[in-house]
Amino acid sequence: MISLAIARDLYGGRALARCISLLMMVNYFAPMIAPVLGSLLLSFTSWRGVFVTLALIGTVIVLVVAFGLSETLQPAQRQSRGVSASLADFRHLLFDARFVGLALSLGFTFAAIFVYISSAPFILENVYGLAPQSSGVVFGINALGVPIMAQVNARLVGRASPQKLLIGGTAVLAIGSLALIGAVLTGVGLIGVLPSFFVLISSVGLIAPNAMALALGNVRAAGSASAILGVLQIIIGVVAAPLVGLGGSETAVPMALTIAVFGITTLATVVMVCRPGKIDTKAQ
């Protein structure tokens with residue numbers, strides 16, 4: 001999440017939302033397209049080749065950061081503080097209701113996507129009879145929705161406030177999740193499930209950049225704020241994924257129900273945070 005702190009150092013307001021939209025194209029596109037690339041890699045190498053590839057990618061990243069990325073925080077804003085000061089920053093952020101609400105909305109969104117990533121392959125193959133290769137194609141197509149919507153967000157952020165775009169994005173997530181559970185319960189099959197997947201996954205391109213821009217917009221400790229955002233996303237996502245397994249892999253109902261719960265909860269959280277009187281115009 002250091003990349004978010006760097007973006008916060010360089011930009012503010014709507015420019016920050018645009019920058020985070022570009023970051024989201026990588027942050028949310030990569031884990032969704034990874035299964036597709038991994039399956040292609042395994043078609044001509046073993047698991048050892050996968051680890052060698054990961055090692056090479058990691059080496060390239062280290063070199064790029066070490067030699068191509070300079071300090072982004074202005075000298076006047078740099079502080080030499082100890083652990084106690086960092087803990088004070090965390091305490092201040094955790095008692096900021098607006099920040100916590102935005103952080104939770106991101107966490108709930110990530111949880112819905114995490115459930116999709118961890119469950120959809122088994123559901124598509126075991127329940128709907130797709131071949132593993134076809135399942136990978138579905139993942140790839142759905143993954144394209146994130147960068148597409150992130151680019152749409154980058155163009156809209158100059159015309160509409162991040163709050164309105166965030167509410168719109170969470171509404172899209174809720175609609176997609178409700179459509180999914182409707183398709184599963186009515187038994188219409190893939191003709192209803194696949195479009196629902198695409199809609200709810202695409203909503204991330206609207207939700208993530210605006211929620212992050214609003215959460216980081218006026219905080220004094222961008223690094224601490226980014227850390228909290230990242231930790232909450234992982235914790236909520238890790239807790240959510242096993243819940244689906246309790247219902248087994250022979251039915252799609254547990255997955256659809258879990259995603260719907262998180263989708264509706266995300267919308268409710270954002271509406272409470274961004275309702276009139278809660279909007280901070282400085283973030284616009």
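Patches are made of residues with over 30% relative accessible area and no salt bridge, with like charges joined within 9 Å and nonpolar side chains (Val, Leu, Ile, Met, Phe, Trp, Tyr) joined within 5 Å. A salt bridge is a side-chain nitrogen of Lys or Arg within 4 Å of a carboxyl oxygen of Asp or Glu. Accessible areas come from the Shrake-Rupley method with a 1.4 Å probe; for residues, only the protein chains shown count as cover.

This is a predicted model: local features need pLDDT of at least 70, side-chain atom pairs count only at pLDDT 80 or more, and totals for chains, interfaces and linings use all residues. Residues are numbered from 1 along each chain as its sequence is written, and side-chain values use heavy atoms, with hydrogens and water left out.

**Stop 1: the surface patch**

Select Leu 42, Trp 47, Phe 51, Leu 54, Ile 57, Ile 61, Val 65 and Leu 69. They form a nonpolar patch on the surface, with about 820 Å² of accessible area together. Which helix gives the largest share of the patch? Helix α4 (residues 47-68) does, with six residues. Helices (H or I, at least four residues) and strands (E, at least two) are DSSP runs, numbered from the N terminus.

Of its 22 residues, the number buried is one, so α4 lies largely in the open. Buried means under 20% relative accessible area, exposed over 50%, and partly exposed in between (1.4 Å probe, protein chains only). Click Val 65, which is found in α4. Val 65 is partly exposed, with a relative accessible area of 44%.

Next, the length of α4. The expected span of a helix is 1.5 Å times one less than its number of residues.

**Stop 2: the whole chain**

Zoom out. The protein chain has twelve helices and zero strands. Of its 284 residues, 43% count as buried. The chain exposes about 14100 Å², and carbon and sulfur atoms supply 71% of that. Contact means heavy atoms within 4.5 Å. Among contacts with a separation of 6 or more, residues 24 or more positions apart account for 82%.

**Stop 3: the core**

A nonpolar core is a set of buried Ala, Val, Leu, Ile, Met, Phe, Trp, Tyr and Cys residues joined through side-chain atoms within 4.5 Å. Select Leu 166, Leu 180, Phe 197, Leu 200, Leu 229, Met 255 and Ile 259. These have the most contacts inside the largest nonpolar core, which has 62 residues. Helix α6 (residues 97-127) supplies the largest share of this core, 13 residues.

Center on Ile 259. Leaving out residues up to four places away in sequence, Ile 259 touches Ala 112, Val 115, Tyr 116, Ser 177, Leu 180 and Leu 200.

Step to Tyr 116, in helix α6. Tyr 116 is buried, with a relative accessible area of 1%. Phe 139 is 23 residues from Tyr 116 along the chain; their C-alpha atoms are separated by 9.9 Å.

**Stop 4**

Select α9 (residues 190-202). Its 13 residues reach 18 Å from first C-alpha to last, close to the 18 Å expected. Buried residues in α9 include Phe 197, Leu 200 and Ile 201.

Finish on α10 (residues 204-216), where Ala 213 is found. Here 13 of 13 residues are buried. Ala 213 is buried, with a relative accessible area of 4%. Ala 213 and Gln 163 are 50 residues apart in sequence and 9.8 Å apart in space, C-alpha to C-alpha.
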